[in-house]
Amino acid sequence: MKKLDLFLIKSFLGPFVMTFLIVLFVLIMQFLWLYIDELVGKGLSLWVIIEFLAWGSATLFPLALPLATLLASIMTLGNMGENNELLALKAAGISLPRILSPLFILSIFISIAAFFASNNLIPVAYEKIYRLRSDIGKTKEEIKIPVGVFYNGVDGYSIRIVSRDDNNMMHHVMVYDHSKKKGNVSVTVADSGKVLISPDKKGLIFTLYDGINYEEENTTARRDTTRTLKRVKFKKQEIVIPLQNYAFTKSEENKYGNEVMTKGLAQLRIDRDTLEKQYDKTLRDQFSKAITPRTLSLPNQIDTARHKAKREVMNIDSLFMWESSEDELRDINDAINELNNEISNLDFYDKELFRISYPLRKTIMESYRKFTLSIACIIFFFIGAPLGAIIRKGGLGTPVIISMFFFVIYWVVDLTGKKLGNDGAISPFMGAFISTFVLLPMGIFLTYKSTQDSSLFNTDAYIKFFNNLFSGAKKIKTQAGKIKTKIAK
């Protein structure tokens with residue numbers, strides 16, 4: 001490898017790694033802000049939160065990789081242009097395509113890595129995220145007993161405290177036990193108490209001091225209707241309340257393995273073949289039902305070719321003649337009912353077909369999108385590198401502004417195409433690759449302009465152009481004034 005190629009690759013890899021980590025960090029913060037409500041107050045361990053964010057960061061690769069490629073390309077060529085290194089290479093007889101060739105090969109390796117990430121890593125990440133969200137959603141929030149109101153957050157119990165001091169000691173505690181589902185037959189009143197959750201979060205331990213336990217036996221018989229009340233005083237008493245779903249527990253693996261986002265390309269192809277066969281079979285069955293006559297009990301009665309004894313053509317006009325208005329009204333109502341039945345059948349056919357066509361479109365869309373990430377990395381290289389060579393500005397100022405403009409276009413078009421493709425407004429192929437079709441002409445145009453040493457973003461060139469335009473307009477106006485003066489004379 002030549003020193004020039006090694007220099008260019010080193011110049012590219014530094015900004016690429018830096019911008020990838022920065023973009024990924026920003027996206028993770030946005031991801032955390034989106035799901036912060038599901039994480040707070042559940043008593044989750046730090047490891048669970050780190051695992052959730054780690055798998056969430058893997059799902060953000062389709063956004064981070066293209067943007068990092070775009071930023072790194074602009075910064076690398078922009079720094080070289082700003083430091084006159086690009087000008088020195090061109091003066092030495094090295095063309096811009098030759099300068100970009102090692103970076104292009106490197107972008108191909110990045111796109112290959114992006115494909116494997118999209119096909120192997122991202123499906124696993126989505127399966128983990130779905131499972132963790134489900135497990136976190138089942139975990140109940142931590143027990144925080146408020147002051148002055150009855151707290152019903154513990155199943156089978158109602159708890160009320162009057163005050164709480166700085167040592168977390170509760171005063172004037174009242175605990176109603178409804179676990180036997182017999183009403184308010186058991187209540188404990190204490191002067192003070194503490195509450196602790198067991199380390200495994202499977203039990204709530206109440207330690208009460210100086211109180212009385214009241215328990216009423218409301219069992220009655222036909223002859224004996226007396227009721228007894230038990231009252232037990234205590235100096236110290238512990239009440240252990242069993243808890244469920246307060247401790248975070250992981251569910252079984254591959255719980256969400258049937259989701260489209262959790263499958264690789266091989267499994268998506270199998271699902272696509274299965275769904276296409278189901279779709280074709282459903283369509284054939286619906287067509288067969290639609291052409292099967294249901295209104296006429298004897299379909300052959302109007303087929304004169306089937307009658308051997310009599311081959312007279314039926315008088316169609318006689319079908320619209322009734323003996324009485326009641327018969328006509330009855331037949332019209334029957335026809336309306338048959339028409340409504342057919343409309344209901346068509347609506348049912350549409351819903352039945354949608355249950356298969358929608359997952360089929362999503363499967364086809366996702367199988368195409370396994371390649372869009374790799375293609376986006378290459379296209380963004382051909383947008384960023386020519387832009388850096390043209391604007392000749394490095395750092396994180398101008399390159400960030402320009403790259404965000406192109407990335408927003410890519411992101412909006414990609415999301416719109418995905419939604420339209422899943423809904424069936426456009427084909428899944430067009431929905432998956434519409435962002436490619438939009439950005440590819442931009443990359444070709446910018447690459448062509450950069451090879452021609454175009455002053456596309458040179459403000460001096462635009463100022464000179466408009467000055468020439470205005471001066472030309474003034475000359476035309478002056479000449480027109482002279483012509484009018486001659487004509488007047």
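Okay, let's start with His 172, which sits in strand 3 (strands are DSSP E runs of at least two residues, helices are H or I runs of at least four, both numbered from the N terminus). This is a predicted model, where local features need pLDDT of at least 70, side-chain atom pairs count only at pLDDT 80 or more, and totals for chains, interfaces and linings use all residues. Residues are numbered from 1 along each chain as its sequence is written, and side-chain values use heavy atoms, with hydrogens and water left out.

Back to His 172: its phi is positive, about 55°, though it's not a glycine. Its relative accessible area is 47%, so partly exposed (buried is under 20%, exposed over 50%, partly exposed in between, with a 1.4 Å probe and protein chains only).

Asp 210, in strand 5 (residues 203-217), also isn't a glycine and has a positive phi of about 50°. Asp 210 is partly exposed, at 42%.

Strand 2 (residues 157-164) and strand 3 (residues 170-177) share seven bridges, and Tyr 157 stands opposite Asp 177.

Which residues of helix 1 meet helix 3? They're Leu 24, Ile 28, Phe 31 and Leu 32, and they meet Phe 52, Leu 53, Gly 56 and Ser 57 (contact means heavy atoms within 4.5 Å).

Technical notes. Two strands pair if DSSP finds at least two bridges between them.
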